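Here's a quick look at the aromatic rings and the nonpolar surface of one protein model. Have the structure open while you read.

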Amino acid sequence: MNKFTRIASTGLAWLLAAGFTLGAWGNLFISSKATASYERWGYPSWFHYLTAACELTATILLLIPATRLVGATIGAVVMGTAVVTIIAAGESPHAIPAAVVLTVSIIVFVLTYRLRRARS
């Protein structure tokens, strides 16, 4: 793999980590509007804490090259769940940001995987 791929993988992983950090913050210190959304979607009252924990875990793992694949996987699962939940609730336009983050998570996973295979 070339230098551009390494830079792109690292840059996107750090950008993704920043986004998950912001998401975790929003889920730890949840607004009344977000609480209402979780309730409307049928999740238990503590579910936003689980989401925040997963986002923080993804953040840490994304920042460490050796654990980046796992971080991207956790991030993709969180965002995939968000996309499915929002679409199932009939709120499709609101799924776009989560779908973008899901796509970036998948891109980071693929680039990181290819870099690892190239080193083997």
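What follows covers ring pairs first, then a surface patch.

Keep in mind that this is a predicted model. The count of aromatic pairs comes to seven. Take tryptophan 46 and phenylalanine 47: their ring centres sit 6.1 Å apart with the planes at 50°, so this pair is tilted. The planes of phenylalanine 109 and tyrosine 113 are at 5°, and the centres are 6.3 Å apart, so that pair is stacked. Both of these residues belong to helix H5 (residues 96-119), where they are four residues apart, about one turn of the helix.

Which residues do ring pairs link into a cluster? Tyr38, Trp41, Tyr43, Trp46 and Phe47 are the ones joined up.

How covered are some of these aromatics?

| Residue | Relative accessibility | Class |
|---|---|---|
| Phenylalanine 47 | 18% | buried |
| Phenylalanine 109 | 30% | partly exposed |
| Tyrosine 113 | 39% | partly exposed |
| Tyrosine 49 | 46% | partly exposed |

Phenylalanine 47 lands in the buried class because its 18% is under the 20% cut-off.

Now for the surface. Trp25, Leu28, Phe29, Trp46, Tyr49, Leu50 and Leu56 make a nonpolar patch of about 780 Å². Which helices each supply at least two residues of the patch? Those are helix H1 (3-28) and helix H3 (47-63). H3 gives the largest share, three residues.

Key. Residues numbered from 1 in each chain as written. Predicted model: local features only at pLDDT ≥ 70, side-chain atom pairs only at ≥ 80, totals over all residues. Heavy atoms only, no water. Phe/Tyr/Trp six-rings, centres within 6.5 Å; stacked < 30°, edge-to-face > 60°. Buried < 20%, exposed > 50% of the residue type's maximum accessible area, 1.4 Å probe, protein only. Patch = residues over 30% accessible without salt bridge, like charges linked within 9 Å, V, L, I, M, F, W, Y side chains within 5 Å. Areas by Shrake-Rupley, 256 points an atom, 1.4 Å probe, with all protein chains shown as cover. Salt bridge = Lys/Arg side-chain N within 4 Å of Asp/Glu carboxyl O.
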